[in-house]
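Me: Got a model to go through with you. Can you take it residue by residue?

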Amino acid sequence: MRLRELSERSGVPTATIKYYLRERLLPPGERVSATQAEYGEEHLRRLRLVRALIQVGRVPVATAREVLETAEDESLSQNTRMGAAVWALPHGPEPAEDDPETAEATRQVDALLERLGWTYGRQLGATSPAYRMLVAAIASLERLGYPHDTDHLALHARLAAELAVADLDLVEKYGGSPTERIEAVVALTVLYEPVLLALRRLAETEESGRRFTDSRDDSRDGS
């Protein structure tokens, strides 16, 4: 297909596609003349991923390029490529190294991972952005006096483990080649995290309604 058809099928303006080409977010098409090129289905798939990263995930262009380069690096194993691509995505705040709560939170995260038997997470430790993000979150809970005991966290972790199985099942179903699977895990990470947050809040609304509704509540309102 030519650039105009690629724009029509993807819903991305031609000027934006040209920008993605200049920034190496989209591979060049096959040249058919000095001024024209042809594009294939792989360009449509890549545009979906780029839109997921930049428009939904709010990932900076330079970071998006890093994610895409990692996804295409065939010198790495599929597991390493998936992990490195997801690591390149934006994460939460880093833990404050000089806070006493951070040291305690780190011990608690290590104990939690050991209890769960999550060997990969334990081996990666602080090199993992997700590990550091969890340390920072638990340190904040400790600092502000909210529940963060291992039993409480283990419940959430086991629910997350069930979601991980469903997520990776979807990735295997969605992607054919290893590169397509890596693109899928990045796109679904970006697109499904808002879904999970929204579902959690809706579920809490339902549970709150069951537990705490009384005669002062209008039946049409949430909790």
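Me: Which helix is threonine 70 in?
Reply: Threonine 70 sits in helix H4, residues 61-71. Helices are DSSP runs of H or I with at least four residues, strands are runs of E with at least two, and both are numbered from the N terminus. This is a predicted model, where local features need pLDDT of at least 70, side-chain atom pairs count only at pLDDT 80 or more, and totals for chains, interfaces and linings use all residues. Residues are numbered from 1 along each chain as its sequence is written, and side-chain values use heavy atoms, with hydrogens and water left out.

Me: Threonine 70, buried or exposed?
Reply: Threonine 70 is buried, at a relative accessible area of 15%. Buried is under 20%, exposed is over 50%, and partly exposed is in between (1.4 Å probe, protein chains only).

Me: How far apart are the C-alpha atoms of threonine 70 and methionine 82?
Reply: They are separated by 8.3 Å, with the two residues 12 apart along the chain.

Me: And glutamate 66, where is that?
Reply: Glutamate 66 is also a residue of H4. Its relative accessible area is 43%, so glutamate 66 counts as partly exposed.

Me: Switching to H6. How many residues does it have, and how far does it reach?
Reply: Helix H6 covers residues 100-116, which makes 17 residues. From first C-alpha to last, H6 reaches 25 Å, close to the expected 24 Å. The expected span is 1.5 Å times one less than the number of residues.

Me: Which residues of H6 are buried?
Reply: Thr102, Ala105, Gln108, Val109, Leu112, Leu113 and Leu116. They cover an arc of only 135 degrees around the axis, so they fall on the same side of H6. The arc is taken over the directions from the helix axis to the C-beta atoms.

Me: What is exposed on the other side of H6?
Reply: Pro100, Arg107 and Glu114 are exposed there.

Me: Now the backbone. What is phi of arginine 24?
Reply: Phi of arginine 24 is near 65 degrees, a positive value in a residue other than glycine. Most residues other than glycine have a negative phi.

Me: Where is arginine 24 found?
Reply: Arginine 24 is in the loop between H2 and strand S1 (30-31). With a relative accessible area of 55%, arginine 24 is exposed.

Me: And which loop holds valine 32?
Reply: Valine 32 lies in the loop between S1 and strand S2 (37-38). Valine 32 is partly exposed, at 40% relative accessible area. The C-alpha atoms of valine 32 and arginine 2 are separated by 9.9 Å, for residues 30 apart along the chain.

Me: Over residues 1-70, how much is helix and how much strand?
Reply: That stretch is 61% helix and 6% strand. The end C-alpha atoms of residues 1-70 are 27 Å apart.

Me: Last one. Where does alanine 137 lie?
Reply: Alanine 137 is in helix H8, residues 129-144. Its relative accessibility is 38%, so alanine 137 counts as partly exposed. C-alpha to C-alpha, alanine 137 and valine 59 are 21 Å apart in space, against 78 residues apart in sequence.
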